[in-house]
Each structure stands twice: as C-alpha cells, then as structure tokens.
Amino acid sequence: MISARTYRAALAALSALAVFALAGCGPDDLDAGSGSGSGTQGGARSAEGFGVSPLDNPDGTKPGLAPLTSDADRAAARKVIEKVATKGRGPKTGYERDAFGYAWKDGIDGIPLARNGCDTRNDLLARDGRDVEHRAGSDCVVVSMTLKDPYTGATIDWRKQRATEVQIDHVMPLSYDWQMGAARWNETKRQQIANDPLNLIPVDGPANNAKRDSGPASWLPPYKPVRCSYAVRFAQVSLKYELPVTAADKRTMLAQCGG
C-alpha cells in the first residue's frame, strides 16, 4: 500500500515534468547551448512563450525576447553585432540616475509607446506579461500577470504586492551609456534611451540586481539559450543611439551567436 506522503511526492514529480513539457524545456536548459523550437506570434518568430525574436522586433514594441536557435538567425544576429563600434569605457564621474530624467516618464517624444497616458513601467509589464490584470477602473496600472522571464527561463506569477519580484532592466545600463558617450548628450536624448522599449525588458528581480551596470563581457543572462538574443538587443540599442561598446563586450556578444 502506497503511503500518503509517497503519493504526494509522486504527484509533485509528475507535475514538475508536466511544467517542463508545457514550457518546451527540460531541467538542464539553464545550461543548454540551444533553445526550444520556434513558432510564430503575430507573424514574428517566437519560442515557447518567451515572445518574439529581436530580429523581428527592431523597435521593441513586440513582447519578450525569444531565443535564436537556427543557424540562419544566428548568422543574421552576428551581422547586426558586427556593425557596433567599439571604444574604451570612460569614467563614471558625474553620473546619476536623475540625469536620465525621473523613472518611467510617459511624456517623452521620439520613442514608441510614449504619451499614451501610461507610465513606462506599466507599458512594459503589459507588453511582456500574459494574463494581465489591471487595477479596477484603470487601463494602465498592472496588478498581476504571468511573465516568462528571458533571463532565467523561469515563469513568474507576479502580483503588484511583490513589486520587486519583477524589475524593468535597461539592457544597455544607464551608467554604461553615460560612460560610453551619453554624458555629452542633452537631457531629451538621455530620457529617450531611459524609456525606450527597445532598451527595456521586464525580468526576474534578483537577476537584474546581479547584473547592475555590467556590459556583456561581465554579465550575461543565466539562461544560456537567450544569450544570443540578449547580445542582439544590446547591439540594437547601441546602433540606434550611436553608442559604442567596449571591445571585450563586442567579442562576447559575437561569441554568444557563434562568432
């Protein structure tokens, strides 16, 4: 006769296997060299709930950051990264977050999703979240959602009461921007890169805290299948704002896509 404890343990194991099967990945995917198979979402390539390929999302308005798994996509990714200029990282002297405007400002011209009545953070949660719920009487304030986190590969059931569990990452960190040339920009351009959806991804809070202001040579997402896509997104921001990266960062970015 099977004990209640053994029965519950068996059910838990079966449930875990079911989650991995539904997500299209296995327990070893955090160390995998390639991602799950790709499908389509709104005409763009996607991969098992992560959203769309960065190659199909040049303005950052589509959701998520899907792994790039095919040889053709990874070759296209390298072509994007190869366009990025390099230079040494300058001093951080004078940097402060306020130099890029107050956080999540909506009223900024020249970037997608601006001046829609919702602040940047809520725009991004709504863009990337699934099963999104808004506060009663509001079309903006997201109070719950499910996020397929590209940085860890985990699925996060987020509630506003645990706000920091999901954070909005600046793919190209603001202090990195400052050191690579943004210190010489006007206030408008700095506010644009701080709120541009191309440079912003909702992710696991602890992973974002671990990244801090690192470039790709110092930090990459723990979930290896997304690293090529992350490198492409970093390059897309670099190219849009004409900001170079360090030579070490560029080498690392190319290496993630087989270069």
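View 1. The model is predicted: local features need pLDDT of at least 70, side-chain atom pairs count only at pLDDT 80 or more, and totals for chains, interfaces and linings use all residues. Residues are numbered from 1 along each chain as its sequence is written, and side-chain values use heavy atoms, with hydrogens and water left out.

N199 sits in the loop between α5 (187-195) and β7 (200-204). Helices (H or I, at least four residues) and strands (E, at least two) are DSSP runs, numbered from the N terminus. The N199 side chain reaches the backbone nitrogen of M172 at 2.8 Å. A polar contact is a pair of N or O atoms within 3.5 Å; within protein, one must be able to donate a hydrogen and the other to accept it, and residues adjacent in sequence count only if both atoms are side-chain atoms. Leaving aside neighbours within four places in sequence, N199 is in contact (heavy atoms within 4.5 Å) with D169, H170, V171, M172, D177, I193 and V237.

**View 2. Y176 and F234 form an edge-to-face aromatic pair.** The structure holds ten aromatic pairs. Rings of Phe, Tyr and Trp (its six-membered ring) pair if their centres lie within 6.5 Å; planes under 30 degrees apart count as stacked, over 60 as edge-to-face and the rest as tilted. For Y176 and F234, the centres are 5.5 Å apart and the planes stand at 90 degrees. This pair links distant parts of the chain: Y176 belongs to helix α4 (residues 174-179) and F234 to helix α7 (residues 227-240), 58 residues apart. Y176 is buried at 0% relative accessible area. F234 is buried too, at 0% relative accessibility. Ring pairs link Y151, Y176, W219, Y230 and F234 into a cluster.

**View 3. Strand β4 pairs with β3 and with β5.** Two strands pair if DSSP finds at least two bridges between them. Strand β3 (residues 130-134) pairs with β4 in the antiparallel sense over three bridges. Here V142 of β4 is the bridge partner of H134. Five bridges join β4 to strand β5 (residues 155-159), again antiparallel. W158 of β5 is the bridge partner of M145. β4 and β5 form a hairpin with six residues between them, and G153 in the turn has a positive phi of about 80 degrees. Six of the seven residues of β4 (residues 142-148) are buried, so the strand is largely enclosed by the rest of the structure.

**View 4. Helix α2 has a buried face.** α2 (residues 71-82) has twelve residues. Its first and last C-alpha atoms are 16 Å apart, close to the 16 Å expected at 1.5 Å a residue; the expected span is 1.5 Å times one less than the number of residues. Its buried residues are D73, R74, A77, V80 and I81. The face turned away from the buried side carries exposed D71, A72 and K79.

**View 5. Helix α8 packs its buried residues against α2, α4 and α7.** In α8 (residues 247-256), the buried residues are D249, K250, T252, M253, L254 and Q256. G258 follows α8 and has a positive phi, near 85 degrees.

How values were computed: Buried means under 20% relative accessible area, exposed over 50%, partly exposed in between (1.4 Å probe, protein chains only). The arc is that of the directions from the helix axis to the C-beta atoms.
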